[in-house]
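Here is a quick walk through one protein model. Have a look at the fold first, then read on.

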Amino acid sequence: MEKQVKRIGVLTSGGDAPGMNAAVRAVVRAATNQGIDCVGIRRGWSGLISSDFVTLNAASVSHIINKGGTMLYTARSQEFMDAAGRDKALATCKLLGLDGIVAIGGDGTFRGALALSRQAAEHGINLRVVGIPATIDNDIGCSHYTIGFDTACNTAVECVDKLRDTMQSHERCSLVEVMGRHAGYLALYVGISVGATAVLIPEREVDFERDIVEKIRRARLAGTTHYMVIVAEGAGSAMEYSRQIHEELGIDPRVTVLGHIQRGGSPSARDRETASRMGYESVRVLREGEGNCVVAIQDGRIVDIEMEEALQMVKHFQMDRYQVLEALTNSRGPDF
Ligand code: F6P
């Protein structure tokens with residue numbers, strides 16, 4: 001007979017993402033509405049090591065569904081990477097009587113969760129973990145979507161639209177660097193959404209002549225007098241590309257690094273709804289005695305993927321969307 005789940009922990013770890021609070025809310029509400037206690041662990045895994053936690057009830061998570069950031073704070077914990085650090089974390093789990101933990105974050109968060117669960121099993125402790133993918137980068141291999149990506153895209157699109165106004169007035173070239181760490185999902189999605197002249201992503205080796213100079217020249221021939229270039233931070237430095245454009249084309253681009261503004265803001269409906277469904281599913285998994293899985297999105301549906309398998313999955317970049325971007329750019333010569 002499966003031991004009844006009495007208490008679960010929830011934490012947020014890694015880079016924060018809009019929608020994390022919606023996921024925390026869903027975990028707490030789904031658990032407490034089923035008579036399961038919920039403990040909020042603060043500052044990611046380090047909160048387990050330092051016993052930094054707070055009992056959460058349905059009221060604790062009122063009015064946070066629309067708030068960016070994470071009410072539980074987040075941090076990256078070096079100490080948790082070692083077995084000794086995880087032993088301290090396990091002591092807290094035992095003290096709290098946790099039957100399971102919902103870990104909201106990225107691949108690194110999930111690797112830590114799996115290591116903790118395995119170390120618990122070595123001590124005869126049954127501690128099941130469930131991962132919820134949350135990062136604005138959308139670069140988690142097992143999931144077609146990660147919480148925060150849509151909100152970050154909307155934030156970046158709003159910023160680029162504003163930049164375009166002034167670039168159009170001054171007939172200038174704008175280079176906009178967006179986040180994504182090592183992935184180009186944000187850059188390509190935003191590039192298509194703003195009708196960028198060019199988009200540089202780490203998944204496609206940058207050829208300065210082909211990917212920037214030729215595109216600006218063609219746009220110029222098509223009668224365009226301002227140019228929007230989106231640069232993924234993993235595809236090089238917008239400042240460096242600006243210097244090269246100045247040298248090659250004699251124009252004086254303006255550079256904007258959007259940076260951490262993409263990490264904040266009220267989560268979009270898509271992120272709130274996705275986070276709510278993922279939080280609900282994570283509690284269902286634990287309540288039914290399952291776990292050590294990631295609640296992922298595949299082809300628009302929520303699926304539970306065994307955590308070790310999930311951590312080995314690789315997401316193939318949708319390069320076909322790059323063709324869409326190029327096909328829709330105003331780069332034909334004038335119709336004579
Ligand atoms: O992983 C999310 C992310 O925002 C990346 O896009 C970015 O490169 C990184 O975090 C920034 O990390 P930090 O917030 O630690 O500076």
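Val61 is found in the loop that runs between β3 (53-56) and α3 (83-96); helices here are DSSP runs of H or I with at least four residues, strands are E runs of at least two, and both are numbered from the N terminus. Is Val61 buried or exposed? Val61 counts as buried, because its relative accessibility is 0% and the cut-off for buried is under 20% relative accessible area (exposed is over 50%, partly exposed in between, with a 1.4 Å probe and protein chains only). Leaving aside neighbours within four places in sequence, Val61 is in contact with Val24, Arg25, Val28, Arg29 and Met71, where contact means heavy atoms within 4.5 Å. Met278, 217 residues apart from Val61 in sequence, sits 16 Å apart in space, C-alpha to C-alpha.

A word on where these values come from. This is a predicted model, with local features needing pLDDT of at least 70 and side-chain atom pairs counting only at pLDDT 80 or more, while totals for chains, interfaces and linings use all residues. Residues are numbered from 1 along each chain as its sequence is written, and side-chain values use heavy atoms, with hydrogens and water left out.

Now for a strand residue. Val199 has its place in strand β7 (residues 198-200) and counts as buried at 1% relative accessibility. Apart from neighbours within four places in sequence, Val199 is in contact with Ala187, Leu188, Gly191, Ile230, Tyr322 and Leu325. Ile212 is 13 residues apart from Val199 along the chain, and their C-alpha atoms are separated by 8.4 Å.

Over in helix α5 (residues 149-170) you'll find Thr166, which is partly exposed with a relative accessible area of 32%.

Arg181 is in the loop between β6 (173-178) and α6 (185-194), while Asp299 is in the loop between β10 (293-298) and β11 (301-306). Their accessibilities go in the table with the others.

| Residue | Relative accessibility | Class |
|---|---|---|
| Val61 | 0% | buried |
| Val199 | 1% | buried |
| Thr166 | 32% | partly exposed |
| Arg181 | 45% | partly exposed |
| Asp299 | 68% | exposed |

Arg181 turns up again at the largest pocket: together with Gly14, Gly15, Arg76 and Gly108, Arg181 lies nearest the pocket centre, among 32 lining residues. Helix α4 (residues 107-122) gives the most to that lining, with 6 residues. On a 1 Å grid over the protein atoms alone, a pocket is an open set of points where a 1.4 Å probe fits, with protein on both sides within 12 Å along at least five of seven lines, and lining residues have an atom within 4 Å of a point.

Stepping back to the whole chain, there are 11 helices and 11 strands. The C-alpha atoms fill a box of roughly 80 × 35 × 35 Å along the principal axes. Of the 336 residues, 54% are buried. Among contacts between residues at least 6 apart in sequence, 76% join residues at least 24 apart.
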